[in-house]
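Welcome! Take a look at the model, then read on.

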Amino acid sequence: MKTLAQIRAQNALNASRIEGMGCGQKGGNALSGFPMLVKTDGLLAAAAFAIELNPKGKPKQEGALLIMNAVAEHLASVGICEATKARDLVEELANSADAAQLRRATAETIAFLNYLKRFVA
């Protein structure tokens, strides 16, 4: 049986191999500030930022969307949520989760992002 830290590390390592993970606009790093975005604005606001589309229907922040998709997959793998994509995660947390589940998802997201940030950097 694996510990939660091992699961976080494994999921973060797998996500770090995704091409474009954490890339911000104009070559910046979207991942470095993402944990603070979750802490200050909350998981739902950070997810909304990540899934925001431009007028052409494409993601405004491709790197942020990749990060949130990785978060959704991680939360599903540890049994906090069922959604494995960012948009579905927002719908699940906004519509059917209670406050305790949202707090747990937020705390686990921050812990996961700390691993992901180390592997991508």
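Throughout this report, a contact means heavy atoms within 4.5 Å.

## Reading the model

This is a predicted model, in which local features need pLDDT of at least 70 and side-chain atom pairs count only at pLDDT 80 or more, while totals for chains, interfaces and linings use all residues. Residues are numbered from 1 along each chain as its sequence is written, and side-chain values use heavy atoms, with hydrogens and water left out.

## Overall shape

Let us start with the whole chain. The protein chain holds 6 helices and 0 strands, where helices (H or I, at least four residues) and strands (E, at least two) are DSSP runs numbered from the N terminus. Its radius of gyration is 13 Å, close to the 14 Å that the globule rule gives for 121 residues, so the protein chain is as compact as a globular protein of that length. The radius is taken over C-alpha atoms, and the globule rule is 2.2 Å times the number of residues to the power 0.38.

The C-alpha atoms fill a box of roughly 40 × 30 × 25 Å along the principal axes. Of the 121 residues, 41% are buried; buried means under 20% relative accessible area, exposed over 50%, and partly exposed in between (1.4 Å probe, protein chains only). Among contacts with a separation of 6 or more, 61% are between residues 24 or more positions apart.

## The core

A nonpolar core is a set of buried Ala, Val, Leu, Ile, Met, Phe, Trp, Tyr and Cys residues joined through side-chain atoms within 4.5 Å. The largest one here has 35 residues, and Phe34, Ile67, Met68, Val71, Leu89, Leu113 and Leu116 have the most contacts inside it. Helices H1 (4–16), H2, H3, H4, H5 and H6 each give at least two residues to this core, with the largest share, 9 residues, coming from H4.

Which residues does Leu116 touch, leaving aside its neighbours within four places in sequence? Leu116 is in contact with Ala12, Ala15, Ser16, Met21 and Leu31.

## One side of helix H3

Helix H3 (residues 43–51) has buried residues at Leu43, Ala46, Ala47, Ala50 and Ile51. They lie on the same side of H3, because they cover an arc of only 130 degrees around the axis, the arc being that of the directions from the helix axis to the C-beta atoms. Their cover includes helix H2 (34–41), helix H4 (62–77), helix H5 (86–95) and H6.

## Charged pairs

Side chains of opposite charge can pair when their charged atoms come close. The whole structure has 2 salt bridges, each being a side-chain nitrogen of Lys or Arg within 4 Å of a carboxyl oxygen of Asp or Glu. In one, the side chains of Arg8 and Glu108 meet at 2.6 Å, N to O. This pair links distant parts of the chain, with Arg8 in helix H1 and Glu108 in helix H6, 100 residues apart. Both Arg8 and Glu108 are buried, and Glu108 has a relative accessible area of 6%. Beyond four places in sequence, Glu108 also touches other residues, including Leu4, His74 and Ile80.

The side chains of Lys60 and Glu52 form a salt bridge as well, at 3.1 Å, N to O. Lys60 is partly exposed at 40% relative accessibility, and Glu52 is partly exposed at 34%.

## Phe119

Phe119 is part of helix H6 (residues 99–120). With 36% relative accessibility, Phe119 counts as partly exposed. Not counting residues up to four places away in sequence, Phe119 touches Ala9, Ala12, Leu13 and Ser16.
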